[in-house]
Amino acid sequence: MDSIFEAGGHGGNPAPVKPIPTIVPTPTEYETLHDTGHKTLWVVFIIMLISSAVFAFRSWNIPVSRRLYHVITTLITITAAISYFAMASGDATSFSCHSVEDHHGKHIPSTHHDVCRQVFWARYVDWSLTTPLLLLDLSLLAGISGAHTILAIVADVIMVLAGLFAAYGKEHTAQKWGWYAIGCVAYLFVIWHLGVNGRRAVAARGDKTTKLFGSLALFTLILWTIYPIIWGIADGARKVSVDTEILSYAILDVLAKPVFGTWLLIAHRNIPETNVELGGYWAHGLTSGEGRIRIGEDDDAA
């Protein structure tokens with residue numbers, strides 16, 4: 001007979017034994033970018049590249065000694081352009097995986113499968129280079145001391161690295177959200193430096209510079225506050241798609257870099273008090289006495 005029977009069925013008839021259910025393991029699930037995310041990366045790359053060219057072109061008519069803002073702002077957008085090119089071309093990306101339990105019903109053992117989300121680590125490299133430069137722009141504008149500027153930049157780098165470590169942390173663990181908390185604390189330190197030391201320093205630079213710094217600093221801090229919120233929803237809780245994550249970060253990056261840079265450079269041209277003039281080696285190199293580096297010479301003798 002083709003069936004397997006057991007005794008004890010109704011009317012003395014043997015009852016068929018229920019077949020053992022076959023469980024097909026769920027394959028690994030990948031959360032990756034699709035067409036919308038891919039196109040967004042290329043569009044932002046082009047925006048950053050054009051912005052870099054415009055900022056560099058605008059600096060040609062500025063004396064070298066007064067080009068500091070232009071150089072910093074151009075470095076910000078060109079670094080972002082390289083990052084977006086790497087992400088759009090499929091490089092600088094990897095997967096962060098975690099195991100999910102699958103329930104199949106009563107008396108059937110559970111199985112597990114992996115869910116792997118695409119993480120663009122180039123984004124964190126970008127932020128670790130460009131956000132300190134953005135802080136440097138704001139610190140120079142306000143006239144913040146070198147010591148406070150360095151501390152703010154160090155806190156900023158810690159914030160970015162903590163976000164990177166959290167992105168690769170194990171799901172539903174204190175480790176992942178612990179790194180996230182460290183990043184948020186570091187960000188509060190950045191806010192304190194800009195809000196307290198920045199306002200105190202810029203007060204001596206005139207009303208126009210004070211208003212400009214206040215507007216740019218507030219604009220930057222609002223944008224930077226949205227970044228960790230998106231991270232918590234996307235990389236953290238994985239509640240939105242990779243395409244939505246890319247689109248959200250793209251909007252913030254365009255506002256925080258090309259828009260910020262355009263605003264700063266236009267205002268810098270119209271407000272002479274914002275000038276930061278550097279002579280010596282920056283403007284003259286080593287070919288003149290003014291730019292020559294002296295080691296071990298007595299100042300009085302010189």
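**Group meeting: aromatic pairs, a nonpolar patch and annotated spans**

Let me start with Tyr249, which is buried at a relative accessible area of 1%, where buried means under 20% relative accessible area, exposed over 50% and partly exposed in between, with a 1.4 Å probe and protein chains only. What we have here is a predicted model, in which local features need pLDDT of at least 70 and side-chain atom pairs count only at pLDDT 80 or more, while totals for chains, interfaces and linings use all residues. Residues are numbered from 1 along each chain as its sequence is written, and side-chain values use heavy atoms, with hydrogens and water left out.

To stay with the aromatic rings, those of Phe, Tyr and Trp (its six-membered ring) pair if their centres lie within 6.5 Å, and planes under 30 degrees apart count as stacked, over 60 as edge-to-face and the rest as tilted. By this rule the count is 14 aromatic pairs. One of them is stacked, with Tyr227 and Tyr249 at 6.0 Å centre to centre and 20° between the planes. This pair links distant parts of the chain, since Tyr227 sits in helix α6 (residues 207-236) and Tyr249 in helix α7 (residues 242-270), 22 residues apart. Tyr227 is also buried, at 12% relative accessible area, and Tyr124, Trp127, Tyr227 and Tyr249 form one aromatic cluster.

Turning to the fold, the protein has eight helices and five strands, which are DSSP runs numbered from the N terminus (helices H or I, at least four residues; strands E, at least two). Of its 302 residues, 40% count as buried.

Which residues make the nonpolar surface patch? Leu49, Val64, Val71, Leu75, Ile78, Ile82 and Trp282 make it, with an area of about 550 Å². Patches are made of residues with over 30% relative accessible area and no salt bridge, with like charges joined within 9 Å and nonpolar side chains (Val, Leu, Ile, Met, Phe, Trp, Tyr) within 5 Å; a salt bridge is a side-chain nitrogen of Lys or Arg within 4 Å of a carboxyl oxygen of Asp or Glu. Accessible areas come from the Shrake-Rupley method with a 1.4 Å probe, and for residues only the protein chains shown count as cover. Helix α2 (residues 68-88) gives the most to the patch, with four residues. Leu75 is found in helix α2 and, at 42% relative accessibility, counts as partly exposed.

Finally, an unreviewed UniProt entry annotates "transmembrane region" over residues 40-57, 69-87, 138-165, 177-195 and 215-234; positions are given in the numbering used here, feature names are shortened, and annotations may be inferred rather than shown by experiment. Residues 40-57 are 100% helix and 0% strand, with end C-alpha atoms 26 Å apart.
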